[in-house]
Amino acid sequence: MSLEAGGAGGREPLIVGHRGACGYRPEHTVESYRLAARLGADSLEPDLVMTSDGQLICRHEPELSRTTDVANRAEFADRRTTRKVGGIEVTGWFADDFTLAEIGTLWATERLAQLRPSNTIYHGRCRVASFDDLLRVRAQVSRELGREIGLSVELKHPSHYRAMGMDMERAVLDGLRRGGAVDGSVPVYLQSFELHSLIRLRDELGVTLPLIFLLENGGVPPGFGDGADHGTYDEMLTARGLRLLSSWIDGIGPSKARVFPRRPDGTLGMPSRLVRDAHAAGLRVHVWTFRAENAFLAEDMRRDGREADWGDVLGEMRRFLRAGVDALICDQPDIAVLARDEVLSRQPS
């Protein structure tokens with residue numbers, strides 16, 4: 001399918017600000033989310049984890065030392081520990097060992113400081129955002145811009161929190177209700193790598209918001225054991241598997257490599273059947289993650305220079321849009337807006 005009709009069902013593709021506009025500000029901060037909306041993002045993408053008092057904060061993973069100053073805070077030195085999250089052993093400081101008030105004392109830091117040194121200017125200036133903070137910012141910036149900014153909310157490791165006696169799914173819905181974002185007036189997508197969590201949202205909790213099943217480039221979905229009983233990602237993404245998934249979900253969120261596999265030499269190959277098969281099953285396709293730096297681009301999209309220098313991410317985005325994807329999840333949303341404008345106006349590459 002091409003973009004002649006503007007994506008699935010003729011809808012204009014969404015531009016999703018990944019962790020806000022984290023190409024320009026430290027991720028998951030109020031400053032990052034606000035900037036993403038002002039740069040043209042249609043939707044803001046928070047990853048949610050939980051604190052010890054059951055509150056939701058915006059962090060990509062429960063461990064805090066890669067994106068905050070917690071490791072330099074002497075008063076929290078005794079919180080360093082090792083545990084398994086998602087089946088992987090991790091050592092560090094975990095959000096669920098802190099109250100929301102304690103999290104509020106931490107400064108956010110840049111995850112990719114070597115690639116994005118300009119973002120380190122904001123160290124000591126941006127706090128960790130709670131989900132409620134984001135909901136307030138979303139409402140404020142929607143009024144400011146005169147358009148309703150949506151949300152693409154990712155539930156991180158809900159089974160991990162369920163094992164701890166915390167109900168992430170209910171907490172997310174409660175937060176959305178407080179933020180006035182469950183009545184259909186705000187475009188909201190709920191997404192997770194855990195299919196069981198999405199099924200619970202729909203079947204047990206009665207959620208009618210669209211659900212997006214996030215997909216790795218290979219292996220088995222979390223909670224599916226070795227894949228023998230329920231299938232691997234590859235099996236789920238056949239035409240038949242996608243039709244079965246459509247009974248529970250409204251879309252898929254594949255990695256870029258699922259849509260444009262790379263050739264052995266590292267260049268972008270031809271598009272796979274995934275977008276076409278997903279659309280045939282009635283599913284949207286929200287692709288992650290588009291980043292401007294050479295380090296994240298295929299060989300033919302890179303430009304001479306360092307890993308941190310920007311390559312032809314604009315050209316990469318145009319290829320995906322022409323393949324018919326329904327959303328670009330991106331670190332620099334202004335570039336994605338430009339790519340969409342060029343493709344929709346049929347400007348030449």
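Phe193 has a relative accessibility of 16%, so it counts as buried; that word means under 20% relative accessible area, with over 50% called exposed and partly exposed in between, using a 1.4 Å probe and protein chains only. The model is predicted, so local features need pLDDT of at least 70 and side-chain atom pairs 80 or more, while totals for chains, interfaces and linings use all residues. Residues are numbered from 1 along each chain as its sequence is written, and side-chain values use heavy atoms, without hydrogens and water.

Now the rings. A search of the whole structure gives 6 aromatic pairs. Rings of Phe, Tyr and Trp (its six-membered ring) pair if their centres lie within 6.5 Å; planes under 30 degrees apart are stacked, over 60 edge-to-face, the rest tilted. In one of the pairs, Phe193 and Trp288, the centres are 6.0 Å apart and the planes at 80 degrees, so this pair is edge-to-face. Phe193 sits in the loop between strand 8 and helix 6, Trp288 in strand 11, and they are 95 residues apart. Helices (H or I, at least four residues) and strands (E, at least two) are DSSP runs, numbered from the N terminus.

Next, Phe290 and Phe320: their ring centres are 4.9 Å apart with planes at 85 degrees, so they are edge-to-face too. Phe290 belongs to strand 11 and Phe320 to helix 11, so the pair ties together parts 30 residues apart in sequence. Phe290 is buried at 0% relative accessibility, and Phe320 is buried at 0% as well. Ring pairs join Phe260, Phe290 and Phe320 into a cluster.

Of the 349 residues of the protein, 55% count as buried.
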